[in-house]
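Reader: Hey, I'm new to this one. Can you walk me through it?
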Amino acid sequence: MASLFSQHSLHRWWTVCRFYSLRRFKPNPELIAKHTDENKKEPHMLHVVWKIRSVVRRPHWEKKIMKQFGLEKRFQPVILKNIPEINNDLTKVRHLIRVKPLILNQGLPNGDHEETLVTWSGELIRKPKLDVEIHNNTERESNVQSEETKKSPDGKNMKSKEDSH
C-alpha cells in the first residue's frame with residue numbers, strides 16, 4: 001500500500017510541475033533559429049474561409065459577422081483579404097469557421113471565375129470549360145462523314161434517302 005501511495009504522490013507532483021511549468025529546460029539554439037527563420041516568411045495576401053458550424057443558438061454578433069463575410073452556407077469557400085480588420089472579426093468566430101491561406105499555383109485567373117475551384121487545402125485550381133459549340137460542330141461533321149461513307153453489305157456505297165429522290 002505504501003508503494004502505491006508513493007506512486008500516486010509522484011504522479012501528482014509531476015502533474016503539478018507540468019501544469020505550472022516548473023520543469024527546467026535549456027533552449028536549443030538550432031530550434032530557435034529555425035522558428036525565427038520560418039516567421040520571417042512574407043504573409044499571404046488572401047484567406048480562404050469555410051463555415052463549418054451552424055450559427056443556430058449563437059449570439060447575434062457572431063451571426064452578423066458570418067453574414068457580413070457571406071458565410072451563410074456550410075462548406076462553401078469565401079475568399080477574404082488578409083488585413084487586421086478582417087482578421088479581428090475572424091478571430092471572434094474562429095470556432096465556427098476554417099481558415100487557410102489561398103495558394104495560387106497556376107496564378108490568378110483571367111476574366112471568368114466560374115472556371116476556378118478551391119480545394120479543401122486552400123489551393124486555387126483553374127479548370128477551363130469546354131466550348132459546347134465547337135464540340136457540337138465536331139460531332140455534326142463526324143456524323144456527316146459517317147453517313148457519306150456508309151456501305152451496303154455487298155461492298156457498294158449506299159445512297160442516302162436524299163440522293164434517291
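Predicted model: local features only at pLDDT ≥ 70, side-chain atom pairs only at ≥ 80, totals over all residues.

Reader: OK, and what do the side chains of Asp89 and Lys92 do?
Author: They meet in a salt bridge, 3.8 Å from N to O. Both residues sit in helix H4, 3 residues apart, which is about one turn of the helix.

Reader: How many salt bridges does a search of the whole structure find?
Author: It finds 2. Glu62 forms one with Arg58, where the closest N and O atoms are 2.9 Å apart.

Reader: Are those two buried or exposed?
Author: Glu62 counts as buried, at 5% relative accessibility. Arg58 counts as partly exposed, at 32%.

Reader: Switching to helix H3, which residues are buried there?
Author: Glu62, Ile65 and Met66. They cover an arc of only 95° around the axis, so they end up on the same side of H3. On the other side, His60, Lys64, Lys67 and Gln68 are exposed.

Reader: And what do the buried residues of H3 pack against?
Author: Strand E1, helix H4 and strand E3.

Reader: What about the largest nonpolar core? How many residues has it got?
Author: It has 13, and Met66, Phe69 and Leu90 are among those with the most contacts inside it. H3, strand E2 and H4 each give two or more residues to this core.

Reader: What does Phe69 touch, leaving out residues up to four places away in sequence?
Author: Val78, Leu80, Ile86, Asp89 and Leu90.

Key
Residues numbered from 1 in each chain as written. Heavy atoms only, no water. Buried < 20%, exposed > 50% of the residue type's maximum accessible area, 1.4 Å probe, protein only. Helix = DSSP H or I, 4+ residues; strand = E, 2+ residues; numbered from the N terminus. Arc of directions from axis to C-beta. Contact = heavy atoms within 4.5 Å. Core = buried A, V, L, I, M, F, W, Y, C linked by side-chain atoms within 4.5 Å. Salt bridge = Lys/Arg side-chain N within 4 Å of Asp/Glu carboxyl O.
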